[in-house]
Amino acid sequence: MNRSSIVLAVITSQLYFIAMLFLISLINSTIGLFGLFLFVPTLFLLIPAPISPQIGKIMIFMNGLLLDCYYSAPLGLIAFIMLFFSFFIFENFGATKEIKILDTKVLLISTNIFIHTLLFLLSHNEVLLNSNWSAYKFFADLVLSCIVIFGMGNLCFLLHKHLLKIICQFSIRSDKSNS
């Protein structure tokens with residue numbers, strides 16, 4: 001891939017992540033009336049295949065910082081957890097490669113459970129987080145988030161396929177114009 005294709009891939013991916021955050025915000029404003037909150041940072045771990053792993057790690061870190069601001073988490077907490085999972089878990093299990101959707105969903109759900117649990121434990125330390133998360137609310141939010149990851153996973157994978165097609169088409173066009 002040439003430079004313009006990589007830049008397009010990064011910009012398109014970031015626009016995709018911003019649109020997904022906007023959609024999650026709309027859902028949270030609706031279900032917030034019932035006392036629920038959707039917390040799905042693991043959906044932001046999916047990076048399109050044409051992007052190099054190094055650029056993908058930077059994108060994951062930047063998305064983590066964006067989520068830290070959105071979720072009012074301690075600065076860098078979600079970013080470093082997402083970076084940790086992208087380095088160790090997803091590299092070892094090959095989630096960045098073409099694997100079964102169900103395997104990726106299981107990895108995303110288990111990562112989300114880990115992040116949820118860590119934030120639940122940190123919420124009882126009033127210095128780090130501003131609120132105290134009750135066990136009932138924790139389990140309700142966790143179950144809802146896991147259901148959404150399982151259900152939205154198909155939508156995210158579908159959007160990723162279209163994103164990859166756009167990137168590949170632009171890459172082919174720019175390669176032809178450079179020849």
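Analyst: A residue is buried when its relative accessible area is under 20%, exposed when over 50%, and partly exposed in between (1.4 Å probe, protein chains only). This model is predicted: local features need pLDDT of at least 70, side-chain atom pairs count only at pLDDT 80 or more, and totals for chains, interfaces and linings use all residues. Residues are numbered from 1 along each chain as its sequence is written, and side-chain values use heavy atoms, with hydrogens and water left out.

User: Why is Lys-137 called partly exposed?

Analyst: Its relative accessible area is 28%. That lies between the cut-offs of 20% and 50%. Therefore Lys-137 is partly exposed.

User: Is Asp-141 buried or exposed, and what makes it so?

Analyst: Asp-141 has 2% relative accessibility. That is under 20%, so Asp-141 counts as buried.

User: What makes Asp-141 and Lys-137 a salt bridge?

Analyst: A salt bridge needs a side-chain nitrogen of Lys or Arg within 4 Å of a carboxyl oxygen of Asp or Glu. Here the closest N and O atoms are 3.2 Å apart. That is within 4 Å, so the pair qualifies. The count by this rule is 1 salt bridge. In general, side chains of opposite charge can pair when their charged atoms come close.

User: Where do these two residues lie?

Analyst: Both are in helix α6 (residues 135-178), 4 residues apart, about one turn of the helix. Helices are DSSP runs (H or I, at least four residues), strands are runs of E (at least two), and both are numbered from the N terminus. An α-helix has 3.6 residues a turn, so residues three or four places apart point the same way.

User: How many helices and strands does the chain have?

Analyst: The chain has 6 helices and 0 strands. The order from the N terminus is α-α-α-α-α-α. Of the 179 residues in the chain, 44% are buried.

User: How do you know that the length of α1 agrees with its residue count?

Analyst: The expected span of a helix is 1.5 Å times one less than its number of residues. For the 29 residues of α1 that gives 42 Å. The end C-alpha atoms are 42 Å apart, which agrees.

User: What makes helix α3 mostly covered?

Analyst: Helix α3 (residues 77-87) has 8 of its 11 residues buried. Among them are Leu-77, Ile-81 and Phe-85.

User: Why is the pair of Phe-138 and Phe-139 called edge-to-face?

Analyst: Rings of Phe, Tyr and Trp (its six-membered ring) pair if their centres lie within 6.5 Å; planes under 30 degrees apart are stacked, over 60 edge-to-face, and the rest tilted. The structure holds 8 aromatic pairs. In this one the ring centres are 4.9 Å apart and the planes stand at 65°, so the pair is edge-to-face. Phe-138 has 4% relative accessibility, so Phe-138 counts as buried.

User: Which residues form an aromatic cluster?

Analyst: Phe-37, Phe-39, Tyr-70 and Tyr-71 form one. Phe-37 is in the loop between α1 and α2. At 31% relative accessibility, Phe-37 counts as partly exposed. Tyr-71 is one of the buried residues of α2.

User: Which residues form the nonpolar patch on the surface?

Analyst: Patch residues have over 30% relative accessible area and no salt bridge; like charges are joined within 9 Å, and nonpolar side chains (Val, Leu, Ile, Met, Phe, Trp, Tyr) within 5 Å. The nonpolar patch holds Val-7, Ile-11, Leu-15, Ile-18 and Leu-66. Together they have about 450 Å² of accessible area, by the Shrake-Rupley method with a 1.4 Å probe, where for residues only the protein chains shown count as cover. Helix α1 (residues 3-31) gives the most, with 4 residues. Leu-66 is in helix α2 (residues 53-71). At 32% relative accessibility, Leu-66 is partly exposed.

User: How many disulfides are there?

Analyst: A disulfide is a pair of cysteine sulfur atoms within 2.5 Å. A search of the whole structure finds 0. Cys-69 is exposed because its relative accessibility is 58%. Cys-146, at 14%, counts as buried.
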